[in-house]
Amino acid sequence: MWKYSEKVIDHFLHPRNVGEIENPDGIGEVGSLACGDMLRLTFKLDENGRIADAKFKTFGCASAIASSSALTEMIKGMTLEEAEKITNRDIANYLGGLPEEKMHCSVMGREALETAIKNYRGISGPKRELEGKVVCKCFGVTENDIRRVAIENDLETLEQITAYTKAGGGCGLCHQEIERILDELKAEKKHQEKEVSYKKPSFTNIELMHMVEDLINNRIKYALQQDGGDIELVDIDRNIVFIRLKGACASCPSSFTTMKRFIEKELKKEISPDIQVEEVK
């Protein structure tokens, strides 16, 4: 049996937002019954351009249902610009993690969201269109799909690619091509790490503390306060910054995304790519 978190079990047994929105602003449909998983996501915007409601219909396993349910909860209240920054890793983290063999369910959620947003913008139809060279014909997975998932999730093996995308899980004829892509990504990553090592700054603990405090107080705090939220710096342990979200941010369903995709991203960009942000309740 798979080892599921309590949150995965809760969203599977008590899924939120099941169904389909009447006259939706965006529709996203990914997967197929032939491949074993299928997801249809619909959303409606309010007068301010934020996602007022989102619903889903899915055919799949417990992880597929839980991932879809979690996604609809995460994106409510977001602008489309905020929602399209959500990664499959964000969905899995929101659920307290997923078995690696089930990570393709979180990828399916992210793909459905992207397709729905593109549909709203008139870029494509309600169904996801394949972009790039198709590597796995059994499951319709392209080289672009493999590259993106591998980079976002630090994947290095064929088995991991299969777990996250299903690519390679059918006839097996694409295994050599997947290995080639992974070898190219490893070479690119090694080259990037070498460049970063020349530029990587070295800070004392006191210097790091002051830099984080200044960035939080002078930029991040102000941005959060505009939407009724706030932030408190609790502690710093080496490269881990512990914060407490306050005000509207403390009860916002997308607080995890705010922490990772805004706060952590700003600290990584302005101070060090090694910084990680964790929330203290």
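Tutor: Let us begin with a pair of charged side chains: Glu266 and Lys269 meet in a salt bridge, with 3.5 Å from N to O. As for the ground rules, this is a predicted model, in which local features need pLDDT of at least 70 and side-chain atom pairs count only at pLDDT 80 or more, while totals for chains, interfaces and linings use all residues. Residues are numbered from 1 along each chain as its sequence is written, and side-chain values use heavy atoms, with hydrogens and water left out.

Student: Why is the contact between Glu266 and Lys269 called a salt bridge?

Tutor: The term requires a side-chain nitrogen of Lys or Arg within 4 Å of a carboxyl oxygen of Asp or Glu. The N to O value for Glu266 and Lys269 is 3.5 Å, and the contact is listed as a salt bridge. In general, side chains of opposite charge can pair when their charged atoms come close. Both residues belong to helix 11 (residues 255–270), where they are three residues apart, about one turn of the helix; helices here (H or I, at least four residues) and strands (E, at least two) are DSSP runs, numbered from the N terminus.

Student: What makes Glu266 buried and Lys269 exposed?

Tutor: Buried means under 20% relative accessible area, exposed means over 50%, and partly exposed lies in between, with a 1.4 Å probe and protein chains only. Glu266 has a relative accessible area of 12%, so it is buried, whereas Lys269 has 57% and is therefore exposed.

Student: Which residues do salt bridges with shared partners join into one network?

Tutor: The network consists of Lys133, Glu143, Arg147, Glu177, Arg180, Glu184 and Glu188. Within it, Arg147 and Glu143 have their closest N and O atoms 3.4 Å apart; both lie in helix 6 (residues 143–153), four residues apart, and both are buried. By the same rule, the count comes to 34 salt bridges.

Student: How do you know that Arg148 is partly exposed?

Tutor: Its relative accessible area is 29%, so Arg148 falls in the partly exposed class. Glu152 also has 29% and is therefore partly exposed. These two form a salt bridge with closest N and O atoms 2.9 Å apart, and because they are four residues apart in helix 6, about one helical turn separates them.

Student: How many aromatic pairs does a search of the whole structure find, and what makes the pair of Phe43 and Tyr120 tilted?

Tutor: The search finds one aromatic pair. Its ring centres, in Phe43 and Tyr120, are 6.4 Å apart and the planes stand at 55°, so the pair is tilted. The rule pairs rings of Phe, Tyr and Trp (its six-membered ring) if their centres lie within 6.5 Å, and planes under 30 degrees apart count as stacked, over 60 as edge-to-face and the rest as tilted. Phe43 lies in strand 2 (residues 37–45) and Tyr120 in helix 5 (residues 103–120), so the pair ties together parts that are 77 residues apart in sequence. Phe43, at 0% relative accessibility, counts as buried, while Tyr120, at 40%, counts as partly exposed.

Student: Where does Lys166 lie, and why is Lys166 called buried?

Tutor: Lys166 is in the loop between helix 7 (158–165) and helix 8 (175–199). Its relative accessible area is 18%, so Lys166 is buried. Phi of Lys166 is near 75°, a positive value in a residue other than glycine.
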